[in-house]
Amino acid sequence: MQINPGAAEFPHRQIAAQLKAQVRRGDWGPGERLPSIPAIAEMFGVAKQTVQRAVDQLRVEGILITKPGSGTYVRGTRRRLNRLSRGRYGGFRGYHTDLAARYRQQLASVGRAPAPPEVADAFGVPDGTDLLCRRHLVRTDESPVEVGASWFLPGDTAGTPLERAEAFGRPLYQEAEEATGRRYVTATDTISARQPSREEAEILQIRPDTPVLHLLHVAYDERRKPIEVAQATWPGPMTTLTEEYKVPAPAADPDPDPGLVLG
């Protein structure tokens with residue numbers, strides 16, 4: 001292990017690249033602890049602060065995880081999200097894709113809450129309008145991997161089971177359709193990357209400088225009126241988004257106009 005002092009790349013980036021290569025080769029497997037910061041610094045002949053910067057970079061990239069008082073470990077597999085929100089609806093009505101066995105969704109709270117700007121905009125109401133909010137948390141045995149919420153207009157949900165602090169034995173959208181008398185017809189997903197809020201960082205157990213992926217899901221009825229606005233936030237380095245779709249075949253050339261004379 002060595003760095004090139006004359007290289008244009010900063011020393012901590014050179015170290016990060018070499019550590020990443022070792023993880024990729026399998027020198028350290030998922031869940032395995034790396035040598036201590038002082039030990040790595042001695043291997044490379046650099047200051048401990050330089051190694052710490054390299055470790056911080058790989059942590060933000062989702063390759064390493066630091067457990068206070070324990071050490072630095074290779075992170076396990078990333079959470080792979082397939083088809084984004086469409087998985088909740090499935091291939092046909094009445095079917096939905098369950099979370100993998102290693103994920104558990106917990107209902108965190110149900111009640112009125114001020115609508116954040118993106119939710120208010122989707123519903124076409126002023127910022128801070130009181131809406132019904134159902135918050136949830138998804139976690140593995142190891143850690144939280146998603147914090148989210150589903151928002152509804154109080155006029156649509158008054159006196160319905162959606163106001164109760166209880167989980168349902170079927171997909172939320174089916175409960176919402178029955179409660180509101182409106183059917184989900186179309187939906188849009190908007191994904192963005194940003195820094196987490198303080199609350200998100202605390203719940204997801206990540207550092208405040210760790211980027212997150214944020215999904216805004218808006219479901220509409222046949223009149224293009226929003227029924228539900230859902231949010232989901234995931235630790236960016238630990239999450240991959242995968243979409244599989246068919247590519248249209250080339251269209252056949254139309255027959256030339258028989259009345260057209262080419263010359």
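Guide: Let us begin with exposure: a residue is buried under 20% relative accessible area, exposed over 50%, and partly exposed in between, using a 1.4 Å probe and protein chains only. By that rule D27 is partly exposed, because its relative accessibility is 38%. This is a predicted model, in which local features need pLDDT of at least 70 and side-chain atom pairs count only at pLDDT 80 or more, while totals for chains, interfaces and linings use all residues. Residues are numbered from 1 along each chain as its sequence is written, and side-chain values use heavy atoms, leaving out hydrogens and water.

Visitor: With which residue does the side chain of D27 meet in a salt bridge?

Guide: Side chains of opposite charge can pair when their charged atoms come close. A salt bridge requires a side-chain nitrogen of Lys or Arg within 4 Å of a carboxyl oxygen of Asp or Glu. The partner of D27 is R25, at 2.8 Å from N to O. R25 counts as exposed because its relative accessibility is 57%.

Visitor: How many salt bridges does the structure hold?

Guide: There are 10. One of them joins the side chains of R59 and D209 at 3.6 Å, N to O. This pair links distant parts of the chain, 150 residues apart: R59 belongs to helix α3, and D209 to the loop between α7 (198-204) and β8 (212-220). Helices (H or I, at least four residues) and strands (E, at least two) are DSSP runs, numbered from the N terminus.

Visitor: Is R59 buried or exposed?

Guide: R59 counts as buried, because its relative accessibility is 8%. D209, at 35%, is partly exposed.

Visitor: How is a helix such as α1 to be read?

Guide: Its expected span is 1.5 Å times one less than its number of residues. Helix α1 (residues 11-25) has 15 residues and reaches 21 Å from first C-alpha to last, close to the 21 Å expected. Its buried residues include I15, L19 and V23. Contact means heavy atoms within 4.5 Å, and the buried residues of α1 pack against α2 (37-44), α3 (48-60) and β2 (71-74).

Visitor: Which residue of strand β2 might we examine?

Guide: Y73 lies in that strand. Y73 is buried, because its relative accessible area is 13%. Leaving aside residues up to four places away in sequence, Y73 touches several others, among them G31, L34 and I65. The C-alpha atoms of Y73 and L34 are separated by 5.7 Å, although the two residues are 39 apart along the chain.
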